[in-house]
Amino acid sequence: MKKRVYFDKYENMRFISHLDLIRFLERLFKKTNLPIKYSNGFHPRPKMSFGNPISLGTEAFGEIMDIELEEDLSNAEVLKRLNSAQVLGFRVQEVENLEGKGNIVEEYPYTRYSVEGSGSVVDRLEALLQQEEIIEVREKKGKTVTRELKQRIVSWERTENCITLSSINISPNAYLELANIRQQEVRIKRLGYEKAEDKGEGLC
């Protein structure tokens, strides 16, 4: 039985990496007696998959995780068990049945973020986003790699000292670096995923 789980990762939980999140969930499944299905082989792993990894330090709301269970449990029971541990900074919002294989990244190509900071910091980010081109140049394996990042932005808007943007397969961290903004100067939230036909309004 396959389930799609929508969860939030916030407050101190935003400081754990994607790999640590996976380890945390493995322990949570055991602690809450969730009958997760494991892969075969010498090193069985829980059958679960995610969207794009969450950058360290980013709060995330409406994250999506697909899991496979050994037993037929109701959505309400799965939600109840996962929230029963009452972990500060982690909360399951919804559980639904999943038909077919499911591919989160393909189903939800857009990701929404908000970036909040002081007026001068947000001014710098806004100035970057207003450019006709946003070029990133990096050295990778002895070669110079250039990326055009403007085309990764679907939409963006500013409300006071907060910028909300919808992007394709990229976090705001790349834009912060180009705008010479340290991550400590802002608070980043990932607000969830969007399908191509239902891009939402800004929320700061």
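Predicted model: local features only at pLDDT ≥ 70, side-chain atom pairs only at ≥ 80, totals over all residues.

Sorted by class, the lining of the largest pocket holds five charged, three polar and two nonpolar residues, where Asp, Glu, Lys and Arg count as charged, Ala, Val, Leu, Ile, Met, Phe, Trp, Tyr, Cys and Pro as nonpolar, and the others, Gly among them, as polar. Residues are numbered from 1 along each chain as its sequence is written, and side-chain values use heavy atoms, with hydrogens and water left out.

The space in this largest pocket comes to about 160 Å³; a pocket here is an open set of points on a 1 Å grid over the protein atoms alone, where a 1.4 Å probe fits, with protein on both sides within 12 Å along at least five of seven lines, and lining residues have an atom within 4 Å of a point. The volume itself is the space filled by probe spheres set on the points, which are joined across faces, edges and corners. Which element gives the most to that lining? It is α5, with three residues, and α5 (173-178) and β6 each supply at least two; helices (H or I, at least four residues) and strands (E, at least two) are DSSP runs, numbered from the N terminus. Among the lining residues are Glu136, Arg138, Arg147 and Glu177, together with Asn169 and Ser171.

Turning to charge pairs, the whole structure contains 17 salt bridges, each being a side-chain nitrogen of Lys or Arg within 4 Å of a carboxyl oxygen of Asp or Glu. In one of them, Arg4 meets Asp66 at 2.7 Å, N to O, and this pair links distant parts of the chain, with Arg4 in strand β1 (residues 2-9) and Asp66 in strand β3 (residues 59-68), 62 residues apart. Arg4 is buried at 2% relative accessibility and Asp66 is buried at 5%, where buried means under 20% relative accessible area, exposed over 50%, and partly exposed in between (1.4 Å probe, protein chains only).

A second bridge joins the side chains of Arg91 and Asp8 at 3.0 Å, N to O, linking strand β4 (residues 90-97), which holds Arg91, with strand β1, which holds Asp8, across 83 residues.

Elsewhere, salt bridges that share partners join Glu136, Arg138, Arg147 and Glu177 into one network.

Strands β6 (residues 135-140) and β7 pair in the antiparallel sense over six bridges, two strands being called paired if DSSP finds at least two bridges between them. Arg138 has Val145 in β7 as its bridge partner, and Lys141 takes a positive phi near 55° in this hairpin, which has two residues between the strands.
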